[in-house]
Amino acid sequence: LLMCCDYLGLPVPVVLMICEYARSLGHSGIGYIVRIAENWAQEGILTLEAANERIAALEKRDKLWLAFSAAVHITNPTPSARMSGYLLHWSRDLGYSTDELVAAYYEMADHTGKFSPAYMDKVLSSWHEKGLKNIDQINAYLLDYQKQQLEKTKQKQPPAPLKKKEPAATSYDIQTAEQKAALGAPVYKRRKKK
């Protein structure tokens, strides 16, 4: 803990806050505390206000993960480090909640067939750039997009094929069959080898 203060330059109250946060998560090991302290020192979280904001963001991320993972049936109890970064970005920077994340998850699943947070990030960033801020706006956009795609496919459909003339009905007359057989056996030609 002294290293966190002396080497990393974190104030004592911030280090104590990290210890309390780690304990609340059930991680009381010094390695976990030092990793958080190193991360916060790199990001410049050196005041109690900044530490409070970070803890609030982390708690929001954890709640978001629990709701999201339950909605899409992901069994991991905690998100990976990479997924944690995405969750913080989606909730803090883009302002999305569980409903929007679930919609992006299903968009991702429709196009990739596997879990890809990077693809979800592209979907959510695209929606954010288009000004879609909540699930109602997203659903309206998706419905409109589907209608446009349906109209495009209708316009691209080729004209209906011409109806072919139906062949004459097959005859099962024994005399006709005998006459055809009298013409000789069929000759089959071999294909030339390449």
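Reader: How are α4 and α5 oriented to each other, roughly parallel or roughly perpendicular?

Author: The general idea is to look at the angle between the two axes, where 65 to 115 degrees counts as roughly perpendicular. In this predicted model, helix α4 (residues 48-71) and helix α5 (residues 81-93) pack at about 105°, and α4 and α5 are therefore roughly perpendicular to each other. Their axes lie 9 Å apart.

Reader: Which residues make the contact between α4 and α5?

Author: From α4 come Arg 54, Ala 57, Leu 58, Lys 60, Arg 61, Leu 64, Trp 65 and Phe 68. From α5 come Met 83, Ser 84, Leu 87, Leu 88, Ser 91 and Arg 92. By class, this contact of α4 with α5 holds 8 nonpolar, 2 polar and 4 charged residues.

Reader: How much space lies in the largest pocket, and which residues lie nearest its centre?

Author: Rolling a probe the size of a water molecule over the atoms shows where empty space is left. Here the largest pocket holds about 700 Å³. Its lining has 24 residues, with Tyr 21, Tyr 32, Leu 58, Arg 61 and Ser 84 nearest the centre. Helices α3 (30-43), α4 and α5 each supply at least two lining residues, and α3 gives the most, with 7. The lining comprises 12 nonpolar, 6 polar and 6 charged residues.

Reader: What lines the second largest pocket?

Author: The second largest pocket contains about 210 Å³ of space. Glu 107, His 111, Tyr 119, Val 123, Ser 126, Trp 127, Lys 130, Tyr 141, Leu 142 and Tyr 145 line it. Two or more of these residues come from each of α6 (98-112), α7 and α8 (135-156), and the largest share, 4 residues, belongs to α7. This lining divides into 6 nonpolar, 2 polar and 2 charged residues.

Reader: Which elements have the lowest and the highest mean pLDDT?

Author: The chain as a whole averages a pLDDT of 84, and 88% of the residues score at least 70. Among the elements, helix α9 (residues 174-182) has the lowest mean, 73, while helix α7 (residues 117-129) has the highest, 93.

Methods: Residues numbered from 1 in each chain as written. Predicted model: local features only at pLDDT ≥ 70, side-chain atom pairs only at ≥ 80, totals over all residues. Heavy atoms only, no water. Axes fitted to C-alpha atoms, helices over the stretch in contact; angles between N-to-C directions. Parallel < 35°, antiparallel > 145°, perpendicular 65-115°, else oblique. Contact = heavy atoms within 4.5 Å. Nonpolar A, V, L, I, M, F, W, Y, C, P; charged D, E, K, R; others polar. pLDDT = per-residue confidence, 0-100. 1 Å grid on protein atoms, 1.4 Å probe; cavity = no way out; pocket = protein on both sides within 12 Å on 5 of 7 lines; lining within 4 Å. Points joined across faces, edges and corners; volume = space filled by probe spheres on them.
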